[in-house]
Amino acid sequence: MRIPGILAAALLPLTALAAKKSTGDRFNDYHSKQVSTLASIKIDDVSYGEMTKAPRDYAVAVLLTALDARFGCALCHEFQPEWELLAKSWTKGDKKGESRLVYATLDFADGKQTFQSVGKRTLSSPVLLVFQPTVGPNAKPDGAPNRFDFVTGTDKAEPIHAWISRHLPDSPHPPLVRPINYVKYAVTTTAVLGGVTFLSVAWPYLLPVIQNRNLWAAISLITILLFTSGHMFNHIRKVPYVAGDGKGGLSYFASGFQNQFGLETQIVAAMYGILAFATISLALKVPRMTDPRAQQIAVFVWGGIILGMYSFLLSVFRIKNGGYPFFLPPF
Amino acid sequence: MAAISQGTGSKFFFEGESGRNTRGLLRLIILVTIAAAAVASRLFSVIRFESIIHEFDPWFNFRATKYLVNNGFYNFWDWFDDRTWHPLGRVTGGTLYPGLMVTSGIIYHVLRLLSMPIDIRNICVLLAPAFSGLTAFATYLLTSEMTTSPSAGLLAAAFMGITPGYISRSVAGSYDNEAIAIFLLVFTFYLWIKAVKEGSIMWAGFCALFYGYMVSAWGGYVFITNLLPLHAFVLICMGRFSPRLYVSYTTWYALGTLASMQVPFVGFLPVRSSDHMAALGVFGLLQLVGFTEWVRTQLPSKQFQTLLRGLVLVVFAAAFGFLVLLTVSGTIAPWSGRFYSLWDTAYAKVHIPIIASVSEHQPTAWPAFFFDLNMLIWLFPAGVYMCFRTLKDEHVFIVIYSVLASYFAGVMVRLMLTLTPIVCVAAAMALSNILDIFLVAEQPVEGAQPQANGNPRANGPTTATEKLASAIPDTLRSTKTPVVGIYSYLSKSAMTGAFTAYLLLFVLHCTWVTSNAYSSPSVVLASRLPDGSQHIIDDYREAYYWLRQNTHQTAKVMSWWDYGYQIGGMADRPTLVDNNTWNNTHIATVGKAMSSREEVSYPIMRQHEVDYVLIVFGGLLGYSGDDINKFLWMVRIAEGIWPDEVKERDFFTARGEYRVDEEATPTMKNSLMYKMSYYNYNALFPAGQAQDRVRGAKLPAQGPELSTLEEAFTSENWIIRIYKVKDLDNLGRSHQEAGAFEKGNKRKKSGKRRGARVLRVD
C-alpha cells in the first residue's frame, strides 16, 4: 500500500512545473470532462500519476481492470457497466462537484506499471482504489489509498457505492440511480396481456385439464420426490452433477453423509418413485385384476421389485453411512 | 403389527355390540403399548449417562423453568435477566415462548399437590418422552379422520412413536420447545380437520385453543398460521366453499388470533407482520365468498351473478393492493428474516450470517431423510397418491401439508420435524391399504360380477358428459375399475410376510438410529477405548463446575454465543452473548474481540467488564465442533458490522486456504482466538511435534504468546480453556511492555511520553 504514495512522491519533483497550476484547476478540468461525458475518465500510467499526485484537494476513485479478452477477466466485464453506471449517477447527482470525487478507469493495457506498483499480479478480478484528498477540508494525512479487492465476487454497484460513501464520510453522496428498463416493462406488459388473452380463449379447454386429478397427483408426487431426495441441497450448495472417481470412471455416489451429487439425488428419487409406484400398484391395481393368474404374477412382480429396490436402496445407504448394519438379501 | 392383530378379524367376538367393545379395548391397549414404546425408546441417554439436560437451548429452558418454579408465574412473566447479554440484559419474560416452562411448572405443582415431590430437573428431562406418547395418540386421531381403515391410525401412531425424525428432538433430556410443540401441532391439525368435517364451532374453538397453546410454545406456529389459510384457500379455489368451512375458519381465526396475542413475545404481530397476513387475507376472502353465496341463493338472475362475481374480484384485488400498500409504507412489518430465508434460500447467507451459521439451518441431503424416516420415505408418496382417490376436504389438507413440509424439510434440517407427522400419516395410509387387502381371509369368487366400488362415474363409459371430459377422467386412472380382491393365498402370505419383514427392519433401524445418533447429551461425550469399553469425556461439566466454584458470582464470562446458555445454566455466571441471538451487534462485538489482535481485543473486553474468556478447543482430542472450526463465522459476523476492521479475506492464505499451521496468515496467527487455542499447546509435545488432530496440521514450533490474558483453567482433554483477563498494569505500562520487561528484554526507547492511559481513542 505504501508504494503508490512513494511513487507519487517520486513523481512530484518531475511535475514541479506542472504543479504551478493550482490543484483546484485540476479537479475542475476532470470534473467538467466527466460532466460532459457522464462516464469515468480513461487514464493511462502517465495520467494516473498526474491525477493522483500528492497535493490534491479532491478524491479519486480508480478502477484497475483488464478488459482485453486475452486476460479472460470475467468479473472485469461484469462489473464494467456497473462501474460506469455508478460514475454516471454520481456525476449527474453532483454536477457542481461538491463531493470532489473523480472517477477514473485504468485498463491493464494502458497501465502495466501502475498495476505493478500497486502490487496487483493476477488479472482475474478488478481492484478499486480510493485516494483521499491530501489538502483541503476533508484531507486525510495518510497517503495510502483505500483498496477494495473484488475477491468475494461483488459485481453490483450498490455495495461499491456504499463502500465509497463510507470512505468519504464528510462529502455529499449522490444516490445511485439505476435507469428504468423500459424494454423489460414492455415485455412484461405484453406477456401479461398475452397470457390473459390466451387464458380467456383457451379456458374452456384448459379447465378440464386443470381440474384433472391425475395431473395434480402427478405434480404433487414429483415435487415431493424432488424435495425428499435432496434437490434443495443441490440448489443451495450448488453441488456438481457427477464427479470422477480418480481412476477414469464415474463416481455416482459422493462419499460422506453430508455430501451428494446431482445425479445421485436423481437416482435416489427414481428409486423412491419406483418403490412408491410398486406400492400403489399393489394397493390399488392388483386387487382390481379379475384374472387370478395374472394377478398372482403381478403380485410377485411388484413384490419382487419392492424387495430388490429396497435392498438396493439400503446398499446405497451403506455407502453413505459406513457403520450402517442393516441389509436385505439381494444386494 | 398392530394392524395384523386388527386385520385378521376372526368372527367370534369381532361382530356386533360386543365386537365393538372388544375392538375398542384392543385399540386402547395397543395405543398404550405404543405410547410406552415411544417413551421407552427415548430413554437411552438417561440409562447410558444420567438424567441430564442436553445440548444448548434446553439449558436455558431449564434455567427459566427453575426461575418460574422458584419465583412464581407473575415474576416469570416480568423477568428481566441481568445475567445474560451483559451489560444490556434481556427482557426474558417478554422474549420467550413460555409454553414449555409453564407446562413443566404446572406438572410440577400438580405432582406436589398429589404429594409426589419430584425434582423439577427430572420433570424437565422426562417431559419430551411423555409428550411423545401424547403425540402418538394425536397422530392416531388425525389419521383416523383421514381413512376408514381401522388399522391406519394405529400404524401411524406406531410410526410416530418410534421414527427417528421425531425422536431426534424429543429424547429424554432434550428439553426444548419442540418437545411439546409437535404434539400441539398434530393435535391442532386433528381439531382443524374435525372442525372442517363437521362445521362445528366447538371443534374450531378447541382448535383455536390449542393453536393458542402452540403459539405460546414454539415459533414454528407460523407453519399452522399459514397452512390452515392455505387449506381454506385451496378449498375455495376448488369450488368447495361450504358453510362448514366458513364456520370453522372464521371461528379459528378470530379466537386463535386473540389467543396468540396473549403471548407477550407475539403481541401485535398477528395483525402487523407479513407472516400472518395470509390468514387475515383468507379471512376476508371467506367473508366475500360467503356473502356472494348468500346473495346467489337470493337472486335468480344470471347476469347479476356475473356482475357480483366481478365485484368480488375487484374487492379482492383492492384489498390485496391495500395490504401491499400497507407493507410498503411500513405499517405491516415485512417478512421476518428466518421465515423469508425459507423462500429465498440465498437470503440468509447474504444478509443474516447469524442464521446461516447455525448447523440445523443447513439444507438437508438425501441420506438425512432416509436416516430419519427409513422406509416411510418411499411409502409417503404412495400414501399421498392414495389421498387423491377420494380427495375429500381432509385429503386436500394432507396433499398441501406434504408438499409444503417436504420443501421446508429440504431447505432446513430442523424442519424435518414438521415433515415427520405427515410422513407417518401418509405412510400408514399406504401400508394399511396394502395390509387390508392382503390380510383378508376370504377369497373372491372367480368370474363373479364385480361389485361397484361406490364410484358411479367410473362405472361404464360416460356418454352424456363432454367429449373432452370423458377423455380425461375425473378419478384416478388406477381406480377406475372396481375392487375384486386377492385370489391366491400364496400372494397373500408372501406380501404379508414381506411387509412384516420390512416393518421389523424399520423397528430395528429406528432403535439403532436412536441409540447411536440421537441419544448423546452432547454435554457429555462418549468414546470407546481400544478394549471396547466406554469412556466418558466430561470436559464441559468439569469446566463449568470450575467456573462455579472458583470465580466470583458476578464474574462475566465471554465466549462464543453457542455456549452462553450452558454457562448460564451450569456455571451460573453472567455471559455476554448467548443462543438467543437477539442482538447481532453484540455478537459481532464478541466476534471482533475474538478475531482481532490483542491490542484491539483488550479494550473491547475491558469495556464489557469481561473477567474470563472461555473457548472450546478440540485439537488434542480430535473434537471437530470446536471454536477454530466455527471461527470463520465469528469473522463473518464481525465483518458484517465492521467491514474495515475485520476482513474474512485476511484469514485465508494467498491460495485461499484456511490454515492453522506455519503457513497461517499473520492475521490468523495474531487473532485472539488462535492464540488462546494454541497457547502452551506445544508444551504437550516434543519440540516441534505439536499436532492439531482436528485439522490434521503440524503447528509452528514457536507457540503463540499472550500478554493481556492469562491461562486460568484447561480441562482434562483440553476441550475447554478458560483465560482470565488481566487487570491494567500497576505501573501504567501496556501489557506488551510489561511482558517484555518480565522477560528481561531491553525496553525500546519510545520518543514521546504518553499521557494518562485511556482505553480507546475514538
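Me: Okay, two strands pair if DSSP finds at least two bridges between them. In β8(B), what is the bridge partner of Tyr612(B)?

Reply: In β8(B), Tyr612(B) is partnered with Lys724(B). Strands here are DSSP runs of E, at least two residues, and helices are runs of H or I, at least four, numbered from the N terminus. This is a predicted model, in which local features need pLDDT of at least 70 and side-chain atom pairs count only at pLDDT 80 or more, while totals for chains, interfaces and linings use all residues. Residues are numbered from 1 along each chain as its sequence is written, with chains lettered from A and ligands numbered from 1 in the order in which they are written.

Me: Thanks! How many bridges pair β4 with β8 in chain B, and in which sense?

Reply: Five bridges, in the antiparallel sense, between β4 (610-616) and β8 (720-725) of chain B. They belong to an open sheet of four strands with mixed pairing, ordered β3-β4-β8-β7 (chain B). From one strand to the next the twist averages 30 degrees.

Me: Which helix lies across that sheet?

Reply: Helix α26 (539-550) of chain B lies across β3, β7 and β8 of chain B, at about 25 degrees to β8(B). Axes are lines fitted to C-alpha atoms, for helices over the stretch in contact, and angles run from 0 to 180 degrees between N-to-C directions. Contact means C-beta atoms, placed from the backbone, within 7 Å.

Me: Switching to chain A: what's the strand order in its five-stranded sheet?

Reply: That open sheet runs β1-β3-β2-β4-β5 (chain A), with mixed pairing. β1 (41-43) and β5 (146-149) of chain A are the edge strands.

Me: And β3(A), what does it pair with?

Reply: β3 (101-107) of chain A runs parallel to β1(A), joined by three bridges, and parallel to β2(A), joined by seven. Within β3(A), Thr105(A) is the bridge partner of Lys42(A), Leu106(A) that of Ile43(A), and Leu101(A) that of Ala59(A).

Me: How many of its seven residues are buried?

Reply: Six, so β3(A) is mostly covered, where buried means 20 or more other C-beta atoms within 10 Å of the residue's own. Helix α4 (74-93) of chain A lies across β2 (59-65) and β3 of chain A, at about 155 degrees to β3(A).

Me: Back to helices. How do α21 and α23 of chain B pack?

Reply: Helices α21 (376-390) and α23 (416-438) of chain B meet at about 75 degrees, with axes 7 Å apart. They are therefore roughly perpendicular to each other, a label for 65 to 115 degrees. The contact includes Leu376(B) and Phe380(B) of α21(B), and Val423(B) and Ala427(B) of α23(B). Its residues divide into 14 nonpolar, two polar and no charged. Ala, Val, Leu, Ile, Met, Phe, Trp, Tyr, Cys and Pro count as nonpolar, Asp, Glu, Lys and Arg as charged, the others as polar.

Me: Which residues touch the most other members of the largest nonpolar core?

Reply: Cys207(B), Met214(B) and Ala427(B), out of 233 residues. Such a core is a set of buried Ala, Val, Leu, Ile, Met, Phe, Trp, Tyr and Cys residues joined through C-beta atoms within 7 Å. Not counting residues up to four places away in sequence, Met214(B) touches Ala181(B), Leu184(B), Leu185(B), Thr188(B), Tyr221(B) and Ile224(B).

Me: Last one: how many residues of each chain are in contact with the other?

Reply: 61 of chain B with 55 of chain A. On chain B, that side divides into 43 nonpolar, 14 polar and four charged residues.

Notes. Angles under 35 degrees count as roughly parallel, over 145 as roughly antiparallel, 65 to 115 as roughly perpendicular and the rest as oblique. Two residues are in contact if their C-beta atoms, placed from the backbone, lie within 7 Å. A residue is buried if 20 or more other C-beta atoms lie within 10 Å of its own, exposed if 12 or fewer, and partly exposed in between; C-beta atoms are placed from the backbone.
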